[in-house]
Amino acid sequence: MTQLVELSESAAYQVKEMMKHNQEEGAFLRVSVNGGGCSGLSYGMAFDKKKQDDDTILEQHGLEILVSKEDAPILNGTVIDYKQSLMGGGFTIENPNAIASCGCGSSFKTATKEGTPENC
């Protein structure tokens with residue numbers, strides 16, 4: 001069964017380290033979709049202290065993840081990973097709903113939602 005959003009173990013470890021560093025232990029990790037970016041939509045990840053009424057809560061690797069009802073169809077099946085290389089590390093996002101994305105990988109559009117592209 002596909003998760004709404006799946007966080008890899010390495011991504012969860014990195015998020016927990018960031019929570020410690022920013023004194024946000026106990027916060028939720030909110031995964032969201034925002035307008036903008038080269039392709040029209042962009043991903044957001046932030047710490048949030050409050051759950052909203054329309055949020056879905058997922059628990060993975062000791063983290064509680066929030067996804068709003070509005071963003072759920074766009075993010076359904078998305079896998080978030082963290083990869084380390086000689087050039088540094090970063091989060092990677094694989095979204096099966098994205099039909100186009102920009103070169104940086106953080107901006108995308110889906111068949112049903114294009115957002116508002118910005119000039120890059």
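Visitor: Which side chains meet in a salt bridge at 2.8 Å, N to O?

Guide: Good place to start, and please keep in mind that this is a predicted model. Side chains of opposite charge can pair when their charged atoms come close. Here, R30 and D48 form such a salt bridge, at 2.8 Å from N to O. R30 sits in strand β2 and D48 in strand β3, so the pair ties together parts that are 18 residues apart in sequence.

Visitor: Are R30 and D48 buried or exposed?

Guide: Both are buried. R30 has a relative accessible area of 16%, and buried means under 20%.

Visitor: Which residues join R30 in one salt-bridge network?

Guide: D48 and D55 do, through salt bridges that share partners. The closest N and O atoms of R30 and D55 are 2.6 Å apart. D55 belongs to strand β4, 25 residues away from R30 in β2. D55 counts as buried because its relative accessibility is 8%.

Visitor: What does the E24 salt bridge look like?

Guide: The partner of E24 is K49, and their closest N and O atoms lie 3.5 Å apart. This pair links two loops: E24 is between α1 and β2, and K49 is between β3 and β4. E24 is partly exposed at 22% relative accessibility, while K49 is exposed at 56%. The structure holds five salt bridges, E24 with K49 among them.

Visitor: Let's turn to the nonpolar side chains. How many residues does the largest nonpolar core have?

Guide: In soluble globular proteins, nonpolar side chains tend to be buried together. In this model the largest nonpolar core has 22 residues, and those with the most contacts inside it are V5, L7, V31, V67 and L75. Elements that each supply at least two of its residues include β1, β2 and β6, and α1 gives the most, with four.

Visitor: What does V67 touch?

Guide: Leaving aside residues up to four places away in sequence, the contacts of V67 include V5, V31 and L75, and also D55.

Visitor: What is the strand order in the open sheet of three strands?

Guide: The order is β1-β6-β7, with mixed pairing. β1 and β6 run parallel, joined by three bridges, whereas β6 and β7 are antiparallel over seven bridges. β6 and β7 also form a hairpin with two residues between them.

Visitor: Where does α1 lie?

Guide: α1 lies across β1, β6 and β7, running at about 75 degrees to β6.

Notes. Residues numbered from 1 in each chain as written. Predicted model: local features only at pLDDT ≥ 70, side-chain atom pairs only at ≥ 80, totals over all residues. Heavy atoms only, no water. Core = buried A, V, L, I, M, F, W, Y, C linked by side-chain atoms within 4.5 Å. Buried < 20%, exposed > 50% of the residue type's maximum accessible area, 1.4 Å probe, protein only. Contact = heavy atoms within 4.5 Å. Pairing = 2+ DSSP bridges. Axes fitted to C-alpha atoms, helices over the stretch in contact; angles between N-to-C directions. Salt bridge = Lys/Arg side-chain N within 4 Å of Asp/Glu carboxyl O.
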